[in-house]
Amino acid sequence: MTSSTEAIMAETDWQARARQRKRRVNLVVGTLFCIGLLSGFLVGFFEDEKADLLSANSIPPWLAVASAILFVVATTIGSWKLMQVSDELERTIHVKTTVVAGNVMLIGYPTWFILWKGGIVPEPDALWLFLAGFAASAIAYAWYKLR
Amino acid sequence: MDDMKNRLKVLRAERDWSQAELGARLDVSRQAVNAIETGKYDPSLPLAFRIARLFEMPIEEIFDDEFNGGDHG
């Protein structure tokens, strides 16, 4: 085998490994996306047509339980698999963004609560706290990736 | 946080490797190599050892924490 052939093979080897790494990450993210899509479709299909997004008792109990179980299992296994296929920089960024999101919610709720006690703001709302944590996580992720 | 300097970019250039190629050899992403080269991310000890083994050099010849003003001699 000539040295040029070896060089081409070596190049193919590292490119294949890089592609394989990307494929593994895409597989996990794609699977989680599909599960989320399926869950959203089922909720939308069975939801009471007159109900709005925040209405209680708008989907059958079996679907609520199934969706909750699916969400917990998918996010738990998905996060674990994602940590396995990601490299250490990506893992570090995930940990940092989770800390940022957690802090926003842990600091946000007591702050909102004490302001509510003072009659300044409405009662703390779990959905807004979740959205604040989610937004903080997304902003932190973008900052760590793009800085 | 103290900045850690390194010679990764120089060592990579000497071998005419791209960031993606070095990343594949180290089993990390191109972004990780870029972050290490630009000093935005300090690699873990296991990754630092992998880098040292790949370039067949002691770790302290690749990474410099400037603890002694950068003088390890």
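This is a predicted model: local features need pLDDT of at least 70, side-chain atom pairs count only at pLDDT 80 or more; totals for chains, interfaces and linings use all residues.
**Overall organisation of chain B**

The secondary structure of chain B consists of 5 helices and 2 strands, arranged along the sequence in the pattern β-α-α-α-α-α-β. Chain B has 73 residues, of which 40% are buried. Among contacts in chain B with a separation of 6 or more, 53% join residues 24 or more positions apart.

**The largest nonpolar core**

The largest nonpolar core contains 21 residues, and the members that touch the most others are B:Leu22, B:Ile51, B:Phe55 and B:Ile62. At least two residues of this core come from each of the following helices: H3 (88-117) of chain A, and H1 (8-14), H2 (19-26), H3 (30-37) and H4 (45-55) of chain B. H4(B) supplies the largest share, 5 residues.

The surroundings of B:Ile62 can be given in detail. Apart from its neighbours within four places in sequence, B:Ile62 is in contact with B:Lys5, B:Asn6, B:Arg7, B:Leu11, B:Ile51, B:Ala52, B:Phe55 and B:Met57. Two of these partners, B:Ile51 and B:Phe55, are listed with B:Ile62 among the core members that touch the most others.

The buried residues are B:Gln19, B:Glu21, B:Leu22, B:Gly23, B:Ala24 and B:Leu26. After H2(B) comes B:Asp27, which has a positive phi near 60 degrees.

Two packed helices are described by the angle and the distance between their axes. The axes of H2(B) and H3(B) come within 7 Å and cross at roughly 105 degrees. The two helices are therefore roughly perpendicular to each other, as angles of 65 to 115 degrees are classed in this way. The residues that make the contact are tabulated below.

| Helix | Residues in the contact |
|---|---|
| H2(B) | B:Gln19, B:Ala20, B:Leu22, B:Gly23 |
| H3(B) | B:Arg30, B:Val33, B:Asn34, B:Glu37 |

By class, this contact has 3 nonpolar, 3 polar and 2 charged residues.

**Interface with chain A**

In the interface, 16 residues of chain B are in contact with 9 residues of chain A. The size of an interface is often given as the accessible area lost when the parts come together. Between chain B and chain A the buried area is about 1200 Å², with carbon and sulfur atoms giving 54% of it. On the chain B side, B:Ala24, B:Lys40 and B:Tyr41 lose the most area to chain A, together 42% of what that side buries. One of these, B:Ala24, is also among the buried residues of H2(B).

Conventions
Residues are numbered from 1 along each chain as its sequence is written. Chains are lettered from A and ligands numbered from 1 in the order in which they are written. Side-chain values use heavy atoms; hydrogens and water are left out. A nonpolar core is a set of buried Ala, Val, Leu, Ile, Met, Phe, Trp, Tyr and Cys residues joined through side-chain atoms within 4.5 Å. Buried means under 20% relative accessible area, exposed over 50%, partly exposed in between (1.4 Å probe, protein chains only). Helices (H or I, at least four residues) and strands (E, at least two) are DSSP runs, numbered from the N terminus. Contact means heavy atoms within 4.5 Å. Axes are lines fitted to C-alpha atoms, for helices over the stretch in contact, and angles run from 0 to 180 degrees between N-to-C directions. Angles under 35 degrees count as roughly parallel, over 145 as roughly antiparallel, 65 to 115 as roughly perpendicular and the rest as oblique. Ala, Val, Leu, Ile, Met, Phe, Trp, Tyr, Cys and Pro count as nonpolar, Asp, Glu, Lys and Arg as charged, and the others, Gly among them, as polar. Buried area is the accessible area (1.4 Å probe) that two parts lose on being put together, summed over both.
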